[in-house]
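Here are my notes for you, written as numbered points. Keep the model open while you read, and look up each residue as it comes along.

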Amino acid sequence: MMADGTDTDTLIAMVLSMLVVTHPGNDVILEALVECGGDARATADVINARSYKTRDATPTNSTKRKLASSDLNGWINPGAATSEKPPSTKKRKDVQSPIKPQKLTVPASSASTTAKPVVNLMQVLRSPPTSKSSVSRLPPLTLSNPSMVAEHTPCTLHTSILPPELACKLFYFMVDLSQSWKRNRWWLFDRVVESPHRTSFFVRKQSEGHSWHEAAQYWYNGRPTDPPDAFPDLMEEACHYIENIVNEDILKRGRLPLEWAGHQPGEKLWHANVAAANCYEGAKESVGPHSDQLTYLGPYPTIASLSLGTTRTFRLREVVPSDEVSKRQARTFNVPLPHNSLIIMHAATQESYKHSIPPQSVLDLYRPLYPHPSRPTSPLEPSNCRINITFRFYRPDFNPQSIPRCKCGVPTILRADMKNRHDGKTDRYWWTCYAGAQNDGKGCDFWRVMDMKMEGRGPTFADRSGVASNNETFFPHRIMV
Ligand SMILES: O=C(O)CCC(=O)C(=O)O
Ligand SMILES: [Fe+2]
């Protein structure tokens, strides 16, 4: 998770959150962002203003209207005769900034309205030109059962994963706890932005000698935090079930060369030593498209994500590598995650896909089976909350002491080169400065390719099996060891 300052989704979310009219479509918002030099506040003002002016609408719920225009110049300046065509968005299906952040955000109320220097946002955001017109567009697909999930994605879905009473108790416990969780907050350009849900970070009691306190700070975008809490007992109990399922699942799959191979033969290869929890209250709370930061997870992590409470849609969309965008399109997969289900994001999910929990217009309330343990005689209360707990294995070879520091003196973050992962000549992971997330948006230009061997990381499956592991000679989806 966590974010930096160049994310399309973040900018769109900022604009959306300031609109008083119905969503005009991402392409329209992006073009308006270009017109407004990347200033989200100004973009929202322009979209709002033009909507009322041209439609004679007032900003009441009853008069909210859908705006649709493919010609943004004409739409923003209906009277202005201009020969300059607005940048076409027809071909833009999957706009990616070169370095992607981890969370969708909404602006803090302090968003400024002053004019900002003009940046050509499209140069940053637009994918390299391609001839996509011949590539057919695939409609979103709902994956409503475990076999569909396994068929279409690198994930597995398990339903009714915990004993029902444990799932219910853990849900109540976490909802109560979540009252003190925080909205993630960080700098984006010149303003502070905030995540549209609450979050918290936990460390397992017996986690092998490393202090994951620094890692916890990075969960909160580099903000100083108190040492993270230990897994509560109910989470610990749930974790045993989850570890068993995850290890069963990964044993059935081939392993990728850079995955952690363990110190001793027979050792449990995946164990959760940290967990991050999210609470989404109501239909509008969300998390935007992102891939999880790999800093402590290392390459090709497995992440086990437990859902409790109301069903929400988990959305997955592949990031098509640059050399394939002219041949195929990404497809959006929607996976409804009911109470007591586990979706396991297996190796290569973070390198190849973005995931999100989009806002919804309606929500099915969760109806608990058991009363709240501390209010056993109260009536059962349906809830509009979803609790998500992602159990994670922070690798011993990506511990805080071994994370490179940037020029600002703070630990860097590790990202995958999602766009070039099939290239074979391009390195696939890099370390970059992350100081800007907290430091008034100002970081340094630190950028270094991650080199497993030079940095002394492992042992990996490649080390064990002798398969080439340098970043130039294997292809994530093609070589299994
Ligand atoms: O709530 C979810 O299912 C996803 C949460 C997530 O992606 C994250 O915390 O990184
Ligand atoms: Fe995530």
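1. Let's begin with burial, since the word comes up a lot below. A residue is called buried if 20 or more other C-beta atoms lie within 10 Å of its own, exposed if 12 or fewer do, and partly exposed in between, with the C-beta atoms placed from the backbone. Asn247 is a handy case: it has 14 other C-beta atoms within 10 Å, so it counts as partly exposed.

2. Some housekeeping before we go on. You are looking at a predicted model, where local features need pLDDT of at least 70 and side-chain atom pairs count only at pLDDT 80 or more, while totals for chains, interfaces and linings use all residues. Residues are numbered from 1 along each chain as its sequence is written, and chains are lettered from A and ligands numbered from 1 in the order in which they are written.

3. Now the overall picture. The chain has 11 helices and 17 strands, where helices (H or I, at least four residues) and strands (E, at least two) are DSSP runs numbered from the N terminus. Of its 481 residues, 44% count as buried. Two residues are in contact if their C-beta atoms, placed from the backbone, lie within 7 Å. Among contacts between residues at least 6 apart in sequence, 77% join residues at least 24 apart.

4. Back to Asn247, which sits in helix 9. If you leave aside its neighbours within four places in sequence, Asn247 is in contact with Lys268, Leu269 and Trp270. Asn247 and Thr302 are 55 residues apart in sequence, yet 10.0 Å apart in space, C-alpha to C-alpha.

5. Which residues of helix 7 are buried? They are Ala167, Cys168, Lys169, Leu170, Phe171, Tyr172 and Met174. Their cover includes helix 9 (233–252), strand 7 (274–281), strand 9 (303–309) and strand 14 (385–392). Helix 7 itself runs over residues 164–177, and its 14 residues reach 20 Å from first C-alpha to last, close to the 20 Å expected. That expected span is 1.5 Å times one less than the number of residues.

6. Strands count as paired if DSSP finds at least two bridges between them. Five strands make an open sheet in the order 2-11-10-13-8, with mixed pairing. Its edges are strand 2 (141–142) and strand 8 (287–290), each pairing on one side only.

7. With 5 of its 7 residues buried, strand 10 is largely enclosed by the rest of the structure. Strand 10 (residues 312–318) runs antiparallel to strand 13 (residues 353–357), and 4 bridges join the two. Here Glu318 has Tyr353 as its bridge partner, and Arg315 stands opposite Ser356. Strand 10 also pairs with strand 11 in the antiparallel sense, over 6 bridges, and there Arg312 stands opposite Leu337.

8. Three strands form an open sheet in the order 15-16-17, and the pairing is antiparallel. Strand 15 (413–416) and strand 17 are the edges, each pairing on one side only. From one strand to the next, the twist averages 30°. Strand 16 (residues 429–432) and strand 17 are joined over 3 bridges, with Trp431 opposite Arg448.

9. Which backbone spots would I check? Ser160 has a phi near 45°, a positive value in a residue other than glycine. It lies in the loop between strand 3 (155–158) and helix 7, and it counts as exposed because it has 12 C-beta neighbours inside 10 Å. Asn340 has a positive phi too, near 65°, in the loop between strand 11 (332–337) and strand 12 (341–345). Is Asn340 buried or exposed? It is buried, with 23 other C-beta atoms within 10 Å.

10. One peptide bond is worth a look as well. The bond from Gly458 to Pro459 is cis, with omega near 5°. Pro459 lies in the loop between strand 17 (447–449) and helix 11 (461–465).

11. Last, the record. An unreviewed UniProt entry carries the annotation "domain: Fe2OG dioxygenase" over residues 271–395; such annotations may be inferred rather than shown by experiment. In the model, that span is 3% helix and 40% strand, and its end C-alpha atoms lie 10 Å apart.

Note on methods:
Axes fitted to C-alpha atoms, helices over the stretch in contact; angles between N-to-C directions.
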